[in-house]
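The stops below are meant to be followed in order.

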Amino acid sequence: MRLPIVSPDALNDEQKPLYADMKQGIQASFKGFINIRDDGALLGPWNPWLREPKFGKPVWELVKAMVDKPSLSPTVREVAILVTGAHFRSAYELYAHVLVAEQRGLSDEKLATIVAGQRPADLTRPEAVAYDFASALVNGGVLPELTYKAAVEQFGVHGAAELSYLIGVYCMVSVTLNTFDVPVPE
């Protein structure tokens with residue numbers, strides 16, 4: 001870990017309102033994995049974002065927008081997030097979202113295959129579209145037309161856009177976690 005965890009009692013005036021908003025949002029929307037220490041300190045990507053409020057606050061606002069009434073199903077979201085995390089080999093992201101994906105009904109076999117960077121054979125049609133969409137984007141270049149059309153057919157224009165933004169946000173999350181070598185909680 002390259003950044004010390006910011007203790008709640010060491011927050012400066014710029015960090016305090018961001019901390020309060022993040023803590024409330026984490027408790028409401030990011031359940032099932034360790035993300036707040038016993039003393040109230042924020043773990044995962046939230047600690048680096050809290051340390052740099054100029055950048056962390058806008059990123060957090062985007063994260064909140066992504067979790068506010070998503071149109072995509074929970075399993076579709078988790079497939080896309082895990083494809084992204086696996087691409088970046090982001091340990092904390094994979095730790096957190098494997099646990100979340102299990103709670104949302106994805107099998108251990110599917111999860112192990114995705115985390116290994118491979119496409120499970122038994123994906124539902126929506127999961128397969130999300131997998132292909134995320135895989136194409138994280139591997140670079142313009143999203144193939146057929147992949148985009150499949151997403152629009154499956155999720156609508158709004159859903160395809162939401163999927164794109166979700167993958168982009170989790171690229172940011174993965175890069176943040178990898179930059180600061182954020183560990184999996186013990």
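Select Ser-90: it is buried, with a relative accessible area of 0% (buried means under 20%, exposed over 50% and partly exposed in between, using a 1.4 Å probe and protein chains only). Ser-90 sits in the loop between α4 (74-88) and α5 (91-103); helices are DSSP runs of H or I with at least four residues, strands are runs of E with at least two, and both are numbered from the N terminus. Show its contacts, meaning heavy atoms within 4.5 Å. Neighbours within four places in sequence aside, Ser-90 touches Gly-85, Ser-174, Leu-177 and Asn-178.

The model is predicted: local features need pLDDT of at least 70 and side-chain atom pairs count only at pLDDT 80 or more, while totals for chains, interfaces and linings use all residues. Numbering starts from 1 along each chain as its sequence is written, and side-chain values use heavy atoms, without hydrogens and water.

**α8**

Next, select α8 (145-179).

**The core**

Now show the largest nonpolar core, which has 57 residues; such a core is a set of buried Ala, Val, Leu, Ile, Met, Phe, Trp, Tyr and Cys residues joined through side-chain atoms within 4.5 Å. Met-22, Trp-46 and Tyr-92 touch the most other members. Among the elements giving two or more residues to this core are α1 (15-29), α2 (46-51) and α3 (53-67). The largest share, 11 residues, comes from α8. Select Met-22 and display its contacts: beyond four places in sequence, they are Leu-42, Trp-46, Trp-49, Leu-50, Gly-56 and Trp-60.

**Salt bridges**

Turn to charged side chains. The structure holds 10 salt bridges, each a side-chain nitrogen of Lys or Arg within 4 Å of a carboxyl oxygen of Asp or Glu.

Select Asp-21 and Lys-64, whose side chains form a salt bridge at 2.6 Å, N to O. Asp-21 is in helix α1 and Lys-64 in helix α3, so this pair ties together parts 43 residues apart in sequence. Asp-21 is partly exposed at 25% relative accessible area, and Lys-64 is also partly exposed, at 25%.

Glu-162 and Arg-77 come next, with their closest N and O atoms 3.8 Å apart in a salt bridge. Glu-162 belongs to helix α8 and Arg-77 to helix α4, so the pair links parts 85 residues apart in sequence. Are these two residues buried or exposed? Both are buried.

Then pick Arg-104 and Glu-78, a salt bridge of 3.0 Å, N to O. Arg-104 lies in the loop between α5 and α6 and Glu-78 in helix α4, so parts 26 residues apart in sequence are tied together. Arg-104 is partly exposed, with 37% relative accessible area, whereas Glu-78 is buried at 2%.
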